[in-house]
Amino acid sequence: KKILGMLAMALCLIGCSKGPDKVAVAFCEALADGNFDKAAEYVTKDTQPVLKMMASVPGAKENMKKETEGAKFKAVNTKIDGDKATVTIETKKDGKTDTDDFNLVKEDGAWKVKAEK
C-alpha cells in the first residue's frame, strides 16, 4: 500500500507540474507585465542575477509594459531532450508576429528558463 501511495503521489506531481511550454509563456507574460519578481520564479538560479540587473534599471518595469502592451504569447514548438528543452514562443502585437526561442532546463525537478550567453 505504501508503494501504491507513493506512486500515486509521484504521478500527481508529474501531472501537476508545468511543462516547458507553459513555463516559457508564463515567463514572457510576467516580463510583459513588468513583474520581474514573478518572472524570477520561472528562471534558473544562475539566470536570476541577470533578471535582477534588468529590474534595477530605472524605468525598466514601465518600459517593458509599454513595449509589450497588448502582446499575446503562445508556444508554437517545443523540443524536449531529457532535462533540456527549447520552446519557440510566438508573440503577436499590433498585427505583427515575431518568434523567439527559449532554452529551458530542469532544475530541482521543475522546468526553468535559462539565459544563454
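Predicted model: local features only at pLDDT ≥ 70, side-chain atom pairs only at ≥ 80, totals over all residues.
Four strands make up an open sheet, ordered S1-S2-S3-S4 with antiparallel pairing. S1 and strand S4 (110-113) are the edge strands, each pairing on one side only, and the twist from one strand to the next averages 30°. Helix H2 packs on this sheet and touches S1, S2, S3 and S4, its direction making about 145° with that of S1; contact means heavy atoms within 4.5 Å, and the axes are lines fitted to C-alpha atoms, for helices over the stretch in contact, with angles running from 0 to 180 degrees between N-to-C directions.

In a regular strand, side chains alternate between the two faces of the sheet.

## Positive phi outside glycine

Two aspartates in loops have a positive phi. Asp 94, in the loop between S2 and S3, has a phi near 50°, a positive value in a residue other than glycine; because its relative accessibility is 65%, Asp 94 counts as exposed, where exposed is over 50% relative accessible area, buried is under 20% and partly exposed lies in between, with a 1.4 Å probe and protein chains only. Asp 108, in the loop between S3 and S4, has a phi near 55°, and its relative accessibility of 68% is why Asp 108 counts as exposed.

## The aromatic pair

The count of aromatic pairs comes to one, for rings of Phe, Tyr and Trp (its six-membered ring) whose centres lie within 6.5 Å, with planes under 30 degrees apart counted as stacked, over 60 as edge-to-face and the rest as tilted. Phe 27 and Phe 102 form this pair in the edge-to-face arrangement, at 6.1 Å centre to centre and 75° between the planes. The pair links distant parts of the chain, with Phe 27 in helix H2 (residues 20-32) and Phe 102 in strand S3, 75 residues apart. Both Phe 27 and Phe 102 are buried.

## The nonpolar core

A nonpolar core is a set of buried Ala, Val, Leu, Ile, Met, Phe, Trp, Tyr and Cys residues joined through side-chain atoms within 4.5 Å. The largest one has 26 residues, of which Phe 27, Leu 51, Phe 73, Ile 89, Phe 102, Leu 104 and Val 113 touch the most other members. Two or more residues come from each of H2, helix H3 (36-40), helix H5 (60-68), S2, S3 and S4, and H2 gives the largest share, nine residues.

Leaving aside residues up to four places away in sequence, Ile 89 touches, among others, Ala 24, Val 25, Cys 28, Phe 73 and Phe 102.

## Basis of the values

Residues are numbered from 1 along each chain as its sequence is written. Local features need pLDDT of at least 70 and side-chain atom pairs count only at pLDDT 80 or more, whereas totals for chains, interfaces and linings use all residues, and side-chain values use heavy atoms, with hydrogens and water left out.

Terms used
Pairing = 2+ DSSP bridges.
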